[in-house]
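Subject: Handover of a structure for your attention

Dear colleague,

Please find below the structure that I am passing on to you.

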Amino acid sequence: MDFDLMITSFPKLLGATVVTLKLLSASLFFGLLLGLFFAILRLNKNIFINKFAYGYSYIFRGTPLLVQIFIIYFGLGQIEYLRTTFLWVILKEPYWCAIIAFTLNTGAYTSEILRSAFQTIKPGIIEAGKSLGISNKIIFYKIQIPIAIRQSLPAYGNEIILMMKGTSLASTVTLMDLTGVAKYIISTTFKPIEVFIVAGGIYLFMTFVIHNIIKYLEKKYSFQQ
Amino acid sequence: MELLAFGKTGWGDELFYATLMTIAVSITAMLVGFFFALIFTPLKLSKYKSLNLVGNFYTTVIRGVPELLVIYLFFFGGSGAIMYVASIFGYYEYIEINAFITGSMAIGIISGAYSTEVFRGAIQSIDKGQFEAAKVLGINKFGQFYKIILPQMLRLAIPNLSNVWQITLKDTSLISVTGLVEIMRQSYIAAGSTRDPLFFYSFAAVLYLMLTYMSMKLINKLEVRYSRGY
């Protein structure tokens with residue numbers, strides 16, 4: 001055991017954790033919006049809109065995240081037309097490519113989580129709202145969304161943790177996130193176990209924090225206090 | 001389309017073999033995972049606190065750490081660990097482990113953590129009366145587990161195991177970083193030499209979709225089979 005290496009690599013890995021957290025928070029934020037959008041499309045009665053939303057979530061849930069990142073980072077740059085538009089400013093940066101891929105991926109999973117949450121809302125609750133003369137819009141924002149949030153919290157908590165682990169793939173497109181830096185230290189020192197313990201410890205700590213935040217929120221939003 | 005031709009002119013046969021490799025790694029990893037689950041599920045369900053701790057440590061660490069990090073640990077640390085063990089027995093030559101073995105071990109350990117959780121959940125949801133009834137009928141421990149508990153457990157576990165299979169299948173794409181030529185690695189090579197990454201990565205995505213779709217169909221059949229009588 002090389003404790004010196006563990007101590008000297010800790011600040012470097014901690015610095016890289018900031019990149020991981022930035023990637024995670026950005027992709028969760030955009031992913032939640034995208035997921036909500038597609039969940040609403042999934043509940044639409046129009047079969048084409050419905051199928052479109054289903055196709056989106058099916059494709060992104062059925063393929064590995066690595067393929068998705070590679071298509072966006074290596075693949076999209078190949079289209080000549082894209083290079084001339086303003087999108088190229090975003091797509092040439094690995095950072096934004098990673099965020100786009102993570103957003104699309106977590107959006108697909110989130111849309112499934114939210115869809116099932118919306119579907120488990122008892123029709124009686126919506127009918128009660130209607131009979132009180134509340135407009136459809138307000139029923140949706142003030143009744144359906146809060147209930148759906150509570151229903152989907154446990155599953156969404158898992159999704160956050162999966163996404164946190166997913167951000168490690170950013171290291172495959174040259175980003176120096178926690179895993180990227182860990183790999184760099186391993187390949188220069190050939191001490192995989194020590195680095196794994198430190199980097200893995202940081203990941204576990206983040207998992208632990210996320211897990212407890214979700215647990216707290218679940219308690220806060222549950223019926224039976 | 002000529003990019004996908006079989007033979008020397010296209011990448012069709014290479015990608016076909018790469019797909020077979022992905023399937024082989026996934027199945028091996030899943031079986032390695034079952035092996036780990038077989039060890040750790042009893043530990044998690046044990047009466048003894050210390051054994052519980054070992055089981056929980058395994059599932060918590062593996063499920064809380066990115067797959068890629070675990071793969072790097074095995075990739076860079078695997079041959080070192082084997083050489084260390086070999087040196088105890090007096091063998092000091094360099095040993096290189098095959099990428100297939102490293103990859104399927106790494107993915108297998110990850111898949112095992114998920115399988116352990118699935119088995120634990122399935123066993124816990126079997127009615128206690130079933131264990132007691134088996135005991136009362138004088139069935140030995142072996143028979144209790146294989147004839148009474150296992151068939152009931154499988155029925156409950158199959159839907160969740162199908163999720164574990166999907167996760168395992170998708171995780172195998174990460175082994176490409178170690179140089180094992182599976183779908184992802186082959187697409188990387190093809191994309192590099194033809195300068196057509198968009199096509200080859202999209203094709204890789206199609207191959208993965210096909211694999212997940214076909215395995216879903218197969219698992220659904222299994223599910224029907226094990227749910228007979230319910």
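Helices (H or I, at least four residues) and strands (E, at least two) are taken here as DSSP runs, numbered from the N terminus. In those terms, chain A has 10 helices and zero strands. Please note that this is a predicted model, in which local features need a pLDDT of at least 70 and side-chain atom pairs count only at pLDDT 80 or more, while totals for chains, interfaces and linings use all residues. Residues are numbered from 1 along each chain as its sequence is written, and chains are lettered from A and ligands numbered from 1 in the order in which they are written.

Confidence

The model scores ipTM 0.86 and pTM 0.88. For chain B the average pLDDT (the predictor's confidence in each residue, from 0 to 100) is 88, and 98% of the residues score at least 70.

Chain A runs α-α-α-α-α-α-α-α-α-α from the N terminus on, and its C-alpha trace spans about 70 × 55 × 25 Å along the principal axes. Of its 225 residues, 39% are buried; a residue is buried if 20 or more other C-beta atoms, placed from the backbone, lie within 10 Å of its own. Two residues are in contact if their C-beta atoms, placed from the backbone, lie within 7 Å. Among contacts in chain A between residues at least 6 apart in sequence, 78% join residues at least 24 apart.

Chain B has eight helices and zero strands. Its C-alpha atoms fill a box of roughly 70 × 50 × 25 Å, taken along the principal axes. Buried residues account for 38% of the 230 residues in chain B, and 71% of its contacts between residues at least 6 apart in sequence join residues at least 24 apart.

Helix α1 of chain B (residues 12-45) has 34 residues and reaches 48 Å from its first C-alpha to its last, close to the 50 Å expected at 1.5 Å a residue. The expected span is 1.5 Å times one less than the number of residues. A kink of about 25° in α1(B) is centred on Ala37(B), the bend being the angle between axes fitted to the seven residues ending there and the seven starting there.

Helix α4 of chain B (residues 99-124) has 26 residues and reaches 37 Å, close to the expected 38 Å. Because 19 of its 26 residues are buried, α4(B) is largely enclosed by the rest of the structure.

The contact between the chains

Chain A gives 32 residues to the contact and chain B gives 28. On the side of chain A that touches chain B, the elements that give two or more residues are α2 (47-62), α3 (65-75), α9 (178-189) and α10 (192-221). The most comes from α10(A), with eight residues.

The nonpolar core

A nonpolar core is a set of buried Ala, Val, Leu, Ile, Met, Phe, Trp, Tyr and Cys residues joined through C-beta atoms within 7 Å. The largest has 108 residues, and those with the most contacts inside it are Ile69(A), Val70(B), Ile71(B) and Ala204(B). Helix α6 of chain A (residues 94-119) gives the most to this core, with 13 residues. Beyond its neighbours within four places in sequence, Ile71(B) is in contact with Ala106(B), Leu174(B), Ile175(B), Val177(B) and Thr178(B).

Yours sincerely

Terms used. Buried ≥ 20, exposed ≤ 12 C-beta atoms within 10 Å, placed from the backbone.
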